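User: Please walk me through this model, one step at a time.

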Amino acid sequence: MTKIKHDIWKSDDDLTSLCFSGELGEESRGILESNSKIIHSFYADSHFDAMTKYYEFMDWGIYETEFEIDKEPYDLQELKKREKNRIEIDEILWNDWDPIGINDCAPRDEYQSYVPRILNMVMNGSTNEEISIELYHIETETMGLLGDKKRCVEISNKIIKTTRQQQV
């Protein structure tokens with residue numbers, strides 16, 4: 001059974017978050033406030049185990065879930081594949097998509113908030129069309145741009161092609 005190290009992070013606002021340690025936790029740590037600090041670390045072998053320990057540490061009572069899959073042991077290979085895909089998608093959004101044309105002058109994290117959404121779509125088997133629609137929605141609704149449907153399809157194709165290569 002694979003046990004994975006987890007960290008509990010706390011911000012100056014007393015907000016806490018539970019993240020995987022190390023490389024597997026990059027996705028989660030990317031949304032933490034910059035002033036957050038690790039307040040506790042532990043090992044767990046499933047999502048349920050991790051949340052149970054998190055609840056105990058925070059003194060929130062007993063953690064419960066209605067999803068039996070939460071009790072399944074972690075699949076380290078699947079988690080590593082997800083992290084590789086996250087890195088690839090982040091690179092594609094920054095280097096190739098760049099709808100506002102700022103990747104040569106803006107902070108590197110400009111598009112990182114969109115990565116989890118696209119990553120979840122990829123990991124859940126969304127089609128090229130669904131991903132391109134989401135990219136177009138981000139361009140037009142979230143960013144307020146005119147949008148480029150053709151470019152969104154091209155970027156979606158690249159995302160699908162790159163992440164499927166990771167699965168082989």
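User: In what order do the three strands of the open sheet lie?
Analyst: This is a predicted model, in which local features need pLDDT of at least 70 and side-chain atom pairs count only at pLDDT 80 or more, while totals for chains, interfaces and linings use all residues. Residues are numbered from 1 along each chain as its sequence is written, and side-chain values use heavy atoms, without hydrogens and water. Strands are DSSP runs of E with at least two residues, and helices are runs of H or I with at least four; two strands pair if DSSP finds at least two bridges between them. With antiparallel pairing, the open sheet has the order β2-β1-β3.

User: Which residue of β2 is the bridge partner of D7?
Analyst: Strand β1, residues 4–10, pairs with β2 in the antiparallel sense over five bridges. In β2, the bridge partner of D7 is C19.

User: Which residues lie nearest the centre of the largest pocket?
Analyst: A pocket is an open set of points on a 1 Å grid over the protein atoms alone, where a 1.4 Å probe fits, with protein on both sides within 12 Å along at least five of seven lines; lining residues have an atom within 4 Å of a point. β2 (16–20), α1 (26–29), α2 (47–58) and α3 (76–97) each supply at least two residues of the lining of the largest pocket. Of its 24 lining residues, those nearest the centre are F20, H47, Y74, L79 and R82.

User: Which helices each supply at least two residues of the lining of the second largest pocket?
Analyst: The lining of this second largest pocket includes E26, E27, R86, D90 and P116. The helices that each supply at least two of its lining residues are α1, α3 and α4 (115–123).
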